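Please keep the structure open while reading.

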Amino acid sequence: MAAPESERDRLLGLIADYVVEHGIAELTLRRLGTAIGTNNRMLLYYFGSKEQLIAQALTAASLRFPTFAGALSALDGTGPLRERLDAVWTGIAARENHPFHRLFFEVYGVALHQPGRFDEFLARVGHDWTNLVAGRLRAEGVPDPEAGTVAREIVALWRGLQFDLLSTGDAAEVAEAHSAAAVAYAERCERARGRVAAAQPAG
C-alpha cells in the first residue's frame, strides 16, 4: 500500500501545476496561497522562502513531463552516438514538453537577472546535464578533457535549440539542425577515441 501523501507533497503538486500554467512573473505567496487553498504563512513553513518554493516547484513540474524527464536515458543505449543524441533531442523537444520549457526559461532569466535569488538552481542547471553527458562519453572511451568539453557543447546546443524551438515553432528545421550537429559531435568523439587507441603500446 502506498504511503499517504504528506501535506507538503500535496501543496508542492498544486504549486507545480500553478506555475506551469501561470509562470512566476507575477507570483506572490499571497496570490499563490489563495489559488491553491492555503496561505503564505504555511507556504513559508513548508518551503522556507519564495525562491526555494519556486526551485522545488520547477523540479516537481518536470515530473509532469515524463518524456522530458526521461530524455537523457536515450544516451544509455548501444546504438551509434549520433542516433542516441538525436533520440535525446526528440524526447526534449516533444510538443507536450513546451509548457515546461517556457517555465524553465522564465525561471532561468530571472535567476540570471537577479543574482542571489536562485543560485542553487543556476548551479544545478549549469552542471547536472553536463556531468551526466560527460560521464557517458567517458564510459565509452572518450578521454578528458575532450569528454567534458564536448558534453558542455552538447548541453549548450540543447538549451539553444529549446529556445529556438519555442521561438520559431519549426520543429522539423530545428531537428535537422540538431542532427547535423550530432553527426559532428559523434565524429569528434570517434577521433578522440582513436587518438587514445593509437597511443596505447602495441600488445
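Contact here means heavy atoms within 4.5 Å. On that basis, Val125, Trp129, Thr130, Val133, Ala134, Leu137 and Arg138 of helix 8 meet Ala147, Gly148, Val150, Ala151, Arg152, Ile154, Val155, Trp158, Arg159 and Gln162 of helix 9. The model is predicted. The chain holds 10 helices and 0 strands.

**Overall fold**

- Read from the N terminus, the order of elements is α-α-α-α-α-α-α-α-α-α.
- The C-alpha trace spans about 70 × 40 × 40 Å along its principal axes.
- Of the 203 residues in the chain, 38% are buried.
- Among contacts with a separation of 6 or more, 66% join residues 24 or more positions apart.

**Nonpolar core**

- The largest nonpolar core has 60 residues, and Ile15, Val133 and Trp158 touch the most other members.
- Helix 9 (residues 146-168) supplies the largest share of this core, with 9 residues.
- As a general point, nonpolar side chains in soluble globular proteins tend to be buried together.
- Beyond its neighbours within four places in sequence, Val133 contacts Leu72, Leu75, Ala151, Ile154, Val155 and Trp158.

**Helix 8 against helix 9**

- Helix 8 covers residues 119-139, and its axis lies 8 Å from that of helix 9, at an angle of about 130°.
- The crossing of helix 8 with helix 9 is right-handed.
- By class, the residues in the contact of helix 8 with helix 9 are 11 nonpolar, 3 polar and 3 charged.
- Setting aside neighbours within four places in sequence, Thr130 contacts Gly148, Ala151, Arg152 and Val155.

**Helix 7 against helix 8**

- The axes of helix 7 and helix 8 come within 10 Å and cross at roughly 120°.
- Helix 7 is therefore oblique to helix 8.
- The crossing of helix 7 and helix 8 is left-handed.
- Phe104, Val107, Tyr108, Ala111 and Leu112 of helix 7 meet Phe121, Leu122 and Val125 of helix 8.
- The contact of helix 7 with helix 8 has 8 nonpolar residues, no polar and no charged.

**Helix 7 against helix 9**

- Helix 7 and helix 9 pack with their axes 10 Å apart, at an angle of about 115°.
- Helix 7 and helix 9 are therefore roughly perpendicular to each other.
- The crossing of helix 7 and helix 9 is left-handed.
- On the helix 7 side the contact uses His98, His101, Arg102, Phe104 and Phe105, and on the helix 9 side Arg159, Gln162, Phe163, Leu165 and Leu166.
- The contact of helix 7 with helix 9 divides by class into 5 nonpolar, 3 polar and 2 charged residues.

- Pro145 sits in the loop between helix 8 and helix 9, and the peptide bond from Asp144 to Pro145 is cis, with omega near 5°.
- Leu75 is in the loop between helix 5 (66-69) and helix 6 (81-93).
- Leu75 counts as buried because its relative accessibility is 2%, against a cut-off of under 20%.
- Apart from neighbours within four places in sequence, Leu75 contacts Leu81, Arg84, Leu85, Val88, Leu132, Val133, Arg136 and Glu140.
- Leu75 and His127 are 52 residues apart in sequence and 17 Å apart in space, C-alpha to C-alpha.
- His113 belongs to helix 7 (residues 98-113).
- With 66% relative accessibility, His113 counts as exposed, the cut-off being over 50%.
- Between His113 and Leu27 there are 86 residues of sequence separation and 16 Å in space, C-alpha to C-alpha.

Key:
Residues numbered from 1 in each chain as written. Predicted model: local features only at pLDDT ≥ 70, side-chain atom pairs only at ≥ 80, totals over all residues. Heavy atoms only, no water. Core = buried A, V, L, I, M, F, W, Y, C linked by side-chain atoms within 4.5 Å. Buried < 20%, exposed > 50% of the residue type's maximum accessible area, 1.4 Å probe, protein only. Helix = DSSP H or I, 4+ residues; strand = E, 2+ residues; numbered from the N terminus. Axes fitted to C-alpha atoms, helices over the stretch in contact; angles between N-to-C directions. Left-handed = near helix turned anticlockwise from the far one by under 90°. Nonpolar A, V, L, I, M, F, W, Y, C, P; charged D, E, K, R; others polar. Parallel < 35°, antiparallel > 145°, perpendicular 65-115°, else oblique.
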